[in-house]
Amino acid sequence: MENQLHRPVLVVDFGAQYAQLIARRVREARIYSEVIPHTATPAEIAAKQPAALILSGGPSSVYEDGAPSLDPEVLQLGIPVFGICYGFQAMTHALGGTVGKTGIREYGRTPLNLVADGGITHRELESTHMVWMSHGDSVTAAPDGFTVTATTEGAPVAAFECAAKQMAGVQYHPEVLHSPHGQEILVRFLTEIAGIPQDWTPANIAEELVDKVRQQIGEHGRAICGLSGGVDSAVAAALVQRAIGDRLTCVFVDHGLLRAGEREQVERDFVAATGAKLVTADEVDNFMRKLAGVTEPEAKRKAIGAEFIRSFERAVAGVLEDAPAGSTVEYLVQGTLYPDVVESGEGSGTATIKSHHNVGGLPDDVEFTLVEPLRLLFKDEVRAVGRELGLPEEIVGRQPFPGPGLGIRIIGEVTPERLEILRAADLIARTELTNAGLDNTIWQCPVVLLADVRSVGVQGDGRTYGHPVVLRPVTSEDAMTADWTRIPYDVLEKISTRITNEVDGINRVVLDVTSKPPGTIEWE
């Protein structure tokens with residue numbers, strides 16, 4: 001079965017703000033989960049052989065024209081089902097229960113009152129405790145055979161379950177931290193009602209991924225891996241090497257979009273950690289030619305993605321020098337992650353937010369078969385697998401850095417001169433954050449050069465007309481959502497002072513305090 005590791009818990013997305021978060025919560029329970037669109041047919045769902053379904057929330061009313069609907073046949077597949085908010089109402093409606101307007105809307109923290117012992121899902125919890133609500137309609141009558149386990153002022157049926165049918169649901173959002181017992185509720189459904197083993201562990205993940213790669217490439221296939229030096233490509237390379245040994249060659253493309261010292265770090269640390277074969281391709285001139293005059297973000301990403309592939313194709317000749325006569329390189333290994341897939345519009349029917357160079361940014365005429373062993377993992381899971389494979393913390397714990405590098409951190413045309421300015425500012429910011437002991441506090445801190453913006457400044461008693469740079473420190477678990485990191489003022493002051501004093505061409509440093517959503521982590 002394509003891309004399958006364990007039998008998945010499928011999160012059916014009805015347009016929820018939190019669909020990805022639900023999948024994460026399931027994985028945190030050591031159970032594998034994926035998100036699928038609500039338009040998936042019963043046959044398509046059954047083909048994935050899911051261990052359970054979770055029906056997500058959504059902004060609609062089940063009685064609205066054009067509202068996402070749940071095919072009742074899905075509930076006849078013999079698969080355990082858990083409904084959340086809109087999914088709870090859609091499930092009720094499909095099973096013959098009643099959904100209506102009580103005249104009381106509930107948003108935010110809401111007291112939940114247990115009925116009797118709270119059933120399997122809510123047992124042994126406080127008889128009244130807070131949950132996070134966001135609904136106008138409510139379930140007013142549970143389907144036949146279901147026991148009501150909780151109520152609120154605005155929801156006569158705030159939770160129900162039927163152990164015989166392996167089904168349950170709640171009106172509130174158990175996946176958010178504002179529902180303190182939410183994770184317990186999900187785990188009890190998954191383990192006690194659905195009977196799913198909690199065996200989604202780093203050791204099992206690594207073993208299954210290695211087996212999957214071995215099956216894809218076969219006994220004689222050869223692969224190259226585009227190694228960026230980041231955790232994603234490093235873990236992907238380590239997995240593939242474990243599967244096929246010296247038939248993997250890692251290619252590090254120096255495209256000129258790297259941060260200070262990055263090439264030296266990759267050549268030194270990765271080879272020492274894995275013993276893998278590494279070829280460094282100097283492609284700076286080629287990338288600069290492709291990016292000349294390009295300013296539109298999507299065009300920039302696609303140009304970088306296309307040139308990556310061309311770089312790998314040019315590297316093949318060198319890779320094959322020591323290979324047996326007639327050998328070819330058929331496979332390209334990439335560190336694509338689940339958030340990359342979702343943001344590129346290939347996840348659960350979501351809109352394309354931006355093309356990632358290794359997903360939506362690949363050219364149509366790519367000559368390699370892609371090997372993407374991490375395609376269904378979140379970043380924290382990738383780090384756990386890397387540790388399981390024995391990669392050092394210097395690699396596994398490294399802050400994320402985008403494949404297109406500094407090319408998408410320059411707003412405007414990418415030129416060698418602008419890259420040098422940004423590279424110097426980025427090094428100062430990274431150095432001072434490290435000196436302040438903040439490396440484990442922030443997820444990453446992009447430094448963005450507003451190359452097409454000029455601002456008036458005063459330096460050395462004279463007027464300047466330089467560029468601003470933006471500091472974008474963020475915290476995140478998986479890059480799907482993020483918040484800006486509250487860096488101490490004295491650290492920000494030191495970074496700003498050093499950059500404006502030491503980097504020619506920059507006379508202003510600003511701080512980006514936007515969360516994700518609405519903003520993405522990178523500016524482009």
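These legends describe close-up views of a predicted model. Residues are numbered from 1 along each chain as its sequence is written, side-chain values use heavy atoms with hydrogens and water left out, local features need pLDDT of at least 70, side-chain atom pairs count only at pLDDT 80 or more, and totals for chains, interfaces and linings use all residues.

**View 1. Domains 1 and 2 of the chain.** An automatic or database domain assignment divides the chain into domain 1 (9-193), domain 2 (204-397) and domain 3 (410-511). The centres of domain 1 and domain 2, taken over C-alpha atoms, are separated by 39 Å.

**View 2. The interface of domain 1 with domain 2.** Contact (heavy atoms within 4.5 Å) involves 9 residues of domain 1 and 9 residues of domain 2. The two domains bury about 830 Å² between them, 46% of it on carbon and sulfur atoms, where buried area is the accessible area (1.4 Å probe) that two parts lose on being put together, summed over both. On the side of domain 1, the most area is lost to domain 2 by Gln-20, Arg-24 and Arg-27, together 60% of what that side buries.

**View 3. Salt bridges between domain 1 and domain 2.** With a salt bridge taken as a side-chain nitrogen of Lys or Arg within 4 Å of a carboxyl oxygen of Asp or Glu, the count between these domains is 2. A salt bridge also joins the side chains of Arg-27 and Glu-381, at 2.6 Å from N to O.
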